[in-house]
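Q: I would like to learn how to read helices and surface patches in a model such as this one. Could we work through a few cases together?

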Amino acid sequence: MDRVLPDIAAWYEAGTFPREVFRELGELGLLGMHLEGYGCAGASAVEYGLACLELEAGDSGFRSAVSVQGSLSMFPIRTYGSEAQRTEWLPRMATGEAIGCFGLTEPDAGSDPGSMRTTARRDGDDWILDGTKMWITNGSIADVAVVWARTDDGIRGFLVPRGTPGFTARDMAHKLSLRASVTSELILERCRLPADAVLPGVRGLKGPLSCLTEARYGIVWGALGAARACLEAAIAYATTREQFGRPIGGFQLTQRKLVDMVVELEKGLLLALHLGRRKDDGRLTPDQVSLAKLNNVREALAIAREARTILGANGITLEYPVLRHANNLESVLTYEGTSEVHTLVVGKALTGLDAFGG
Ligand SMILES: Cc1cc2nc3c(=O)[nH]c(=O)nc-3n(C[C@H](O)[C@H](O)[C@H](O)COP(=O)(O)OP(=O)(O)OC[C@H]3O[C@@H](n4cnc5c(N)ncnc54)[C@H](O)[C@@H]3O)c2cc1C
C-alpha cells in the first residue's frame with residue numbers, strides 16, 4: 001500500500017507499469033510464493049490469497065503481474081518443466097530478476113483455446129513455432145514466455161526466451177482498463193527453439209487449464225481487495241460529504257448501499273477462505289474455483305460501481321480509486337475465463353450437460 005497508492009493514479013493515467021517493481025515484489029517473497037523450492041516462499045494457499053487481496057486493494061494491475069508471474073509462468077515451469085528448466089528460470093523469477101508471461105489467447109481463440117492456430121513443428125531436433133498470441137500480460141517486458149502451441153502430439157507448452165530470433169512482442173495501446181499493466185501481442189514467425197524448450201511434463205489443454213485454475217484462485221481473493229478499497233473509499237466519503245445539511249452517509253438510501261456492499265464483501269471473503277483451506281488440504285476442484293471466480297468478481301464489480309455512485313461526480317476522477325477499480329474489474333471479469341464461461345462450467349457440474357458450443 002505504501003509503495004503503490006502514492007503513485008498508482010499517475011501510472012494508471014500514463015498507462016505504465018514500472019518494471020523495477022518486480023524486484024521489490026520479489027524481495028517481499030510474493031513471486032511464486034505458493035510454490036515450493038527454487039527460491040520460492042512455499043506459503044500456504046490462504047497466505048497467497050491474502051497477498052493477492054492486498055495487492056489488488058492497490059490496483060488489479062499489481063495482482064495481475066503477480067498472478068501471471070507466479071501462477072501462469074512459474075507454476076507451469078515448476079509443475080511441468082524439466083530440472084534444467086526449473087533451475088534456469090525459477091530462482092531468478094522468484095527474485096523478480098526475470099519476468100515471465102503466459103501466451104494462450106489468440107486473435108481468433110479466446111474462450112475456446114482448443115481452437116488455437118499457433119503451431120510448433122519439428123525440424124530435426126528443433127521446434128519451429130508460428131502464430132500470434134494476443135492480450136498477453138507482461139508480454140513485452142518478459143524474459144521468458146510460456147507459449148502454448150499445437151503439435152502433432154496435442155497442445156504443448158514451450159519456453160521462449162526474449163530475443164529469440166523470430167519472436168517479437170509489441171504493446172497493445174488504448175486500453176481503458178488495467179492501464180497500470182503491460183498487455184502485449186506476441187508474434188512468432190518461424191521461431192526456432194531447441195528440443196529442450198518444450199515443457200516435458202504435460203500434453204493437451206489440461207496444461208494451460210491447470211495454470212488458469214491456479215491463477216483464478218488468486219483472483220477469487222484479489223477481486224475482493226479492489227472491492228474493499230472501494231467500500232472504504234465510499235464510507236470515508238459518505239461520512240464527510242454533506243448535502244441537505246448532513247453527511248450523505250446519514251441517508252438511509254446510502255446506508256442501504258453500504259450495507260449491501262459489506263454483506264457481499266464478507267460473503268466473498270468467507271468463500272475465498274473456505275476455498276483456500278480446501279486448497280491447502282488438496283481438496284479444491286476446478287468447478288469450485290469457477291464458482292468463486294464468477295461470484296467474487298461479479299460482486300466486486302457491483303461494489304465498485306455502487307461505490308462510484310456514492311462519490312457522485314468525484315467518483316469519476318482518478319483522485320479516488322473507485323472508477324479505476326471498476327474499470328480494472330471489467331478486465332478481471334473477462335480474463336481467466338469470462339463470467340459466461342464460468343457459468344457454463346458450474347452449469348455443467350450441476351446438470352452433467354455440456355452447454356459449450358461444438
Ligand atoms: C487486460 C487483459 C489481460 C489478459 N492477459 C492474458 C494473458 O496474460 N494471457 C492470455 O493467454 N490471455 C490473456 N487475456 C485474454 C483473456 O483470457 C481473454 O480475453 C478471454 O479468455 C476471453 O476471450 P476473448 O476476449 O477472445 O472473448 P471471446 O471468447 O470472443 O468471448 C466474447 C464473448 O462471448 C462469450 N462467449 C464465448 N463463448 C461462449 C459460449 N460458449 N457461451 C456463451 N457465451 C460465450 C464470452 O463470455 C464473451 O462474453 C487477457 C485479457 C485482458 C483483457
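Q: How does the length of helix α9 compare with what its number of residues should span?

A: The expected span of a helix is 1.5 Å times one less than its number of residues. In this predicted model, the 13 residues of helix α9 (residues 322–334) should therefore span 18 Å, and the end C-alpha atoms are 19 Å apart, which agrees.

Q: Which residues of α9 are buried, and what covers them?

A: Residues three or four places apart in an α-helix point the same way, because there are 3.6 residues a turn. The buried residues of α9 are V322, R324, H325, A326, N328, L329, V332 and L333, and their cover includes α1 (8–14), α3 (45–58), α4 (60–80), α6 (206–240), α8 (286–310) and α10 (339–351). Just after α9, E336 takes a positive phi of about 60°.

Q: Which residues make the nonpolar surface patch, and why can V262 be part of it?

A: A residue in a patch has over 30% relative accessible area. V262, which lies in helix α7 (residues 252–280), has a relative accessible area of 31% and is therefore partly exposed. V262 makes a nonpolar surface patch of about 200 Å² together with V259 and V263.

Notes
Residues are numbered from 1 along each chain as its sequence is written. This is a predicted model: local features need pLDDT of at least 70, side-chain atom pairs count only at pLDDT 80 or more; totals for chains, interfaces and linings use all residues. Side-chain values use heavy atoms; hydrogens and water are left out. Patches are made of residues with over 30% relative accessible area and no salt bridge: like charges are joined within 9 Å, nonpolar side chains (Val, Leu, Ile, Met, Phe, Trp, Tyr) within 5 Å. Accessible areas come from the Shrake-Rupley method with a 1.4 Å probe; for residues, only the protein chains shown count as cover. A salt bridge is a side-chain nitrogen of Lys or Arg within 4 Å of a carboxyl oxygen of Asp or Glu. Helices (H or I, at least four residues) and strands (E, at least two) are DSSP runs, numbered from the N terminus. Buried means under 20% relative accessible area, exposed over 50%, partly exposed in between (1.4 Å probe, protein chains only). Contact means heavy atoms within 4.5 Å.
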